[in-house]
Amino acid sequence: MSHYEAPIREPLVLGDKSYHDITEDIAKPIEGVANKNWYIAFYISLAATLWGFGCIFYTIGTGIGVWGLNKNIGWAWDITNFVWWVGIGHAGTLISAVLLLFRQKWRMAINRSAEAMTIFAVFQAGLFPLIHMGRPWNGYWVLPMPNQFGSLWVNFNSPLLWDVFAISTYLSVSLVFWWTGLLPDFAMIRDRAVKPFQKKIYALLSFGWSGRAKDWQRFEEVSLVLAGLATPLVLSVHTIVSMDFATSINPGWHSTIFPPYFVAGAIFSGFAMVQTLLGIMRKVTNLEDYITRMHIEYMNIVIILTGGIVAVAYATEFFIAWYTGSPYENYTYLSVGAATGPYAWAFWSLILFNIITPQLLWIKKFRRSFVITFIISIAINIGMWFERFDIIAIVLSKGHLPSTWWRFEPTFVDVGIFVGTIGFFGVLFLLYARTFPVIAQAEVKTILKSSGEFYKKRREQGIPTKPAINVAGTTDKSNKE
Amino acid sequence: MESSKVIHAFYNDDEVLMDAVKAVKAEHLHIEEVFCPFPVHGLDKAMGLAPTRLAITAFLYGITGLAFAIWMTNYMMIQDWPQDIGGKPNFSWWANMPAFVPIMFELTVFFAAHLMVITFYMRSRLWPFKEAENPDPRTTDDHFLMEIPVNNNEAKIIDLLASTGAVEINVVDKH
């Protein structure tokens, strides 16, 4: 388009691409067949999923006692994993909604996959509130439905009920946001499909999208309004998750900093997971021209920012614990609680993986390196798991009464379910990468002329992006060679 | 004066299309439809399309969601079973209001988002088994199609479109 873009900006689409090239590149993984590596990854994920589901059925059949929980530590791996997965999901909405509000063009190549990650991560998260119930078959009692018990309602004071509303709203809104964005891309696949079955499937998925001017006008407004709704939603969801802890009376949990601190941590861990996934995906789907070094660098900058907020929050927690003069707070944070107690290893891995390792990203060479980014992103994923584990298990292990002090040891079922959710996430993501357009082609096409390498170079040479029209009524072929 | 014939003009560049739309508009010809593979910014203005009111509907749906949440929490917690749960005040909705804020917020967003999306799907006639109506499959890839109805002025329109840089011009019968 004719928009002015500063020459200082690096190109977002590399190479000499036309609109049709974008279509080809994005349709290729869907129209081709899966290679051996895909099947290997898929079967490993599937095996982990089945193992995880086995552990879930074992838990439900036998009882929660098969987990490592005890009468003092009633939450450990279950809620740790829940918060971890919800946190991972947040980057997807951040990329698609917040960056849309800020008109960040670099989001376009990564938003589809980030949203897929959100949805699959929230699926995993959603399992834990169900399976950690003692009587999951009564799970539907959390819904305020008229019933035969004289219409016995739920208690709207509980953050666990707020969680139900928050997670279900978050999942469903993310899903329609993602799906609406997919319509033009499914339509593109539908119109290219040669196999009749494939054409039928994508015709069904694309809801008959035809790309009329009016449709696009509405589409853009819907995207903008949904982004405006999803932004406070994403902040509220992790806020509500954090209130599971912050509204309690446990020293170490009862803290007003939790809502923003959890949200920052969610963005931090979510972006790390996007980096992990995209680092692999750009290679295996040959989309290196779209997910460029610059996308990786920009995400790393967001990681440094949110990692910094998390680090400040840790420091604040420790300062306030000392400053309150509350012996319980003091004990949790400063005495044998976190840093020197039996979970010192968990605490120090948190400091190492979350606070120290990401600081390497201040170095430009590191944050532009795919390998180092990949390693750091995995470190952050581990570190953020420990953050949630530390908050939950360390605090519960040393409560107000010394006679209730206890330790937590996970059992193979705790671990198995977590491994199962990672596998299930992998299964969904691998299937997604083979059947869905992993880059929002309709969006990337809108920035090709303003931010494509080819057009940027031409503009520098003073050649307009608009092809000259000759009298015969055809476009100037010099535009493309 | 429904014409049975339409002209399909194909373009392969969004900026050329924009100029063509303006040129056709300047001749006071009616543009039946433009099909694009991606949103061309400013196209709706150039075509003279009215702005969409979906944002307004979202606002109204949001208010509905908020009202529903207030009614629900008040009815269930204060009117129907005003129980003492952990010492939370139950004698008026306002006294316990802070605990209802998360629910009110989530339901506002839920109603606004979903009902607006459903409105969009209904207004734009999109649903799972809907047949696609773009006349040419290239319009979801890299071509832009302008559809102009013909009223005994076929040659004139074709001349005009040819001068605007159309890469292909077809006259088709529209049933």
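Select A:Phe149 first: this residue lies in the loop between α4 (111-131) and α5 (159-192) of chain A, helices being DSSP runs (H or I) of at least four residues, numbered from the N terminus. The model is predicted, so local features need pLDDT of at least 70 and side-chain atom pairs count only at pLDDT 80 or more, whereas totals for chains, interfaces and linings use all residues. Residues are numbered from 1 along each chain as its sequence is written, chains are lettered from A in the order in which they are written, and side-chain values use heavy atoms, without hydrogens and water.

At 46% relative accessibility, A:Phe149 counts as partly exposed (buried means under 20% relative accessible area, exposed over 50%, partly exposed in between, with a 1.4 Å probe and protein chains only).

Next, select α5(A) together with helix α4 (residues 97-123) of chain B. They pack at an angle of about 20°, with axes 10 Å apart; the axes are lines fitted to C-alpha atoms over the stretch in contact, and angles run from 0 to 180 degrees between N-to-C directions. The two helices, α5(A) and α4(B), are therefore roughly parallel (angles under 35 degrees).

A salt bridge is a side-chain nitrogen of Lys or Arg within 4 Å of a carboxyl oxygen of Asp or Glu. The pair joins helix α4 to helix α5 of chain A across 73 residues, and both A:Arg112 and A:Asp185 are buried.

Finally, select A:Arg212, A:Asp215, B:Glu33, B:Lys130 and B:Glu133, which are linked in a network of salt bridges.

Notes: Parallel < 35°, antiparallel > 145°, perpendicular 65-115°, else oblique.
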